[in-house]
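These are my notebook entries on a model I looked through one feature at a time.

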Amino acid sequence: MEMRSEAFSQGGRMVNMEYRRLRLYILTFFSDLVLMIAGFSLASHLIGDGAGELSEADLMLAMVPLFGLIAIYGRVYSIRGLESLPYAVQRLTIALAVSAFLLVFVLFVLRPTMGIVRGQYLLGLLMAWLGMIAVRGFVALYTDKVCDGLVQNRLIIDDGGPEVLLDKALHIDVAPEMIARALDDPALLDRLGRNMRGMDRVIVSCPTERREGWTRILRAAGVQGEILSETLNRLGVLDIIRENNVAFLVVSSGTLGLRSRIIKRAMDLLISVRPFLS
């Protein structure tokens with residue numbers, strides 16, 4: 001078993017990426033909440049309360065927890081968000097837009113006559129959004145300069161399959177007979193398990209006949225195990241559906257489903273009639 005990279009080693013020990021990610025998640029999450037509060041407060045001072053019944057305190061009380069829940073559910077704080085600034089900004093923008101729409105919708109349903117200062121509301125959202133983007137830019141700079149761009153540990157096991165090229169990944173070359181020996185040799189199996197310890201992803205590239213053995217080992221190791229498949233890659237598989245103990249490969253998406261068509265039509269109607277309700 002030959003190791004070809006020490007990308008995740010600092011001082012001879014493995015860096016725990018889970019704690020690193022948790023610190024960045026907490027920093028980003030509370031920064032978002034503070035920036036939202038600051039955005040509405042500053043907008044209130046700049047524009048004033050106007051004729052609306054809702055003050056900036058009311059907006060903050062309703063908007064901040066709503067955004068927090070939607071952001072967590074919408075994967076605003078995720079590994080991919082730490083690795084890719086465009087993805088982080090995209091998820092943030094979607095979560096903020098959905099939160100803003102839901103708040104206005106709920107207020108319209110519960111209290112149709114309740115006033116809300118549009119300029120104050122929109123300015124507060126804009127300033128909060130710009131501040132949140134700035135925080136994500138800082139986090140991206142921090143992970144790139146201080147953490148060398150590492151927010152997850154990835155191990156690639158090369159067992160004679162196609163070459164896998166991932167930046168800053170740990171590589172291990174194993175002999176063709178390794179998998180057969182490991183299934184019958186507890187010491188060798190333990191050695192493999194220790195190499196997988198602390199990994200967020202373990203990717204195995206091997207011939208078809210050795211995939212079942214590697215599947216057993218990956219499951220026993222208790223890690224997120226992935227096995228490279230050239231066939232699925234050539235087919236361009238979109239998803240895998242399991243039903244009645246049978247796996248089906250989704251290779252085309254087709255047209256929008258009934259639910260998606262209803263939602264799209266409802267949004268079109270809402271946008272169309274909005275000018276007449278103003």
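I began with Val98, which is found in helix H4; helices (H or I, at least four residues) are DSSP runs, numbered from the N terminus. This is a predicted model, in which local features need pLDDT of at least 70 and side-chain atom pairs count only at pLDDT 80 or more, while totals for chains, interfaces and linings use all residues. Residues are numbered from 1 along each chain as its sequence is written, and side-chain values use heavy atoms, with hydrogens and water left out.

I next looked up the nonpolar surface patch of about 650 Å², which is made by Ile94, Val98, Phe101, Leu102, Phe105, Val106, Ile263 and Met267.

I then turned to helix H7 (residues 186–196), where Leu188, Leu192, Asn195 and Met196 are buried. Seen down the axis of H7, these residues fall within an arc of 100 degrees, so they line one face of the helix; the arc is that of the directions from the helix axis to the C-beta atoms. The face of H7 turned away from the buried side carries the exposed residues Pro186 and Ala187. At the N-terminal end, Asp185 caps H7, with a side-chain oxygen 3.1 Å from the backbone nitrogen of Ala187. After H7 comes Gly198, whose phi is positive, near 80 degrees.

For helix H8 (residues 211–221) I noted Gly213, Trp214, Ile217 and Leu218 as buried. They cover an arc of only 130 degrees around the axis, which puts them on the same side of H8, whereas Glu212, Arg216, Arg219 and Ala220 are exposed on the other side.

How many disulfides does the structure hold? I found zero disulfides, a disulfide being a pair of cysteine sulfur atoms within 2.5 Å. Cys147 counts as buried at 6% relative accessibility, and Cys206 is buried with a relative accessible area of 3%.

Methods
Buried means under 20% relative accessible area, exposed over 50%, partly exposed in between (1.4 Å probe, protein chains only). Patches are made of residues with over 30% relative accessible area and no salt bridge: like charges are joined within 9 Å, nonpolar side chains (Val, Leu, Ile, Met, Phe, Trp, Tyr) within 5 Å. Accessible areas come from the Shrake-Rupley method with a 1.4 Å probe; for residues, only the protein chains shown count as cover. A salt bridge is a side-chain nitrogen of Lys or Arg within 4 Å of a carboxyl oxygen of Asp or Glu. Helices (H or I, at least four residues) and strands (E, at least two) are DSSP runs, numbered from the N terminus. A polar contact is a pair of N or O atoms within 3.5 Å; within protein, one must be able to donate a hydrogen and the other to accept it, and residues adjacent in sequence count only if both atoms are side-chain atoms.
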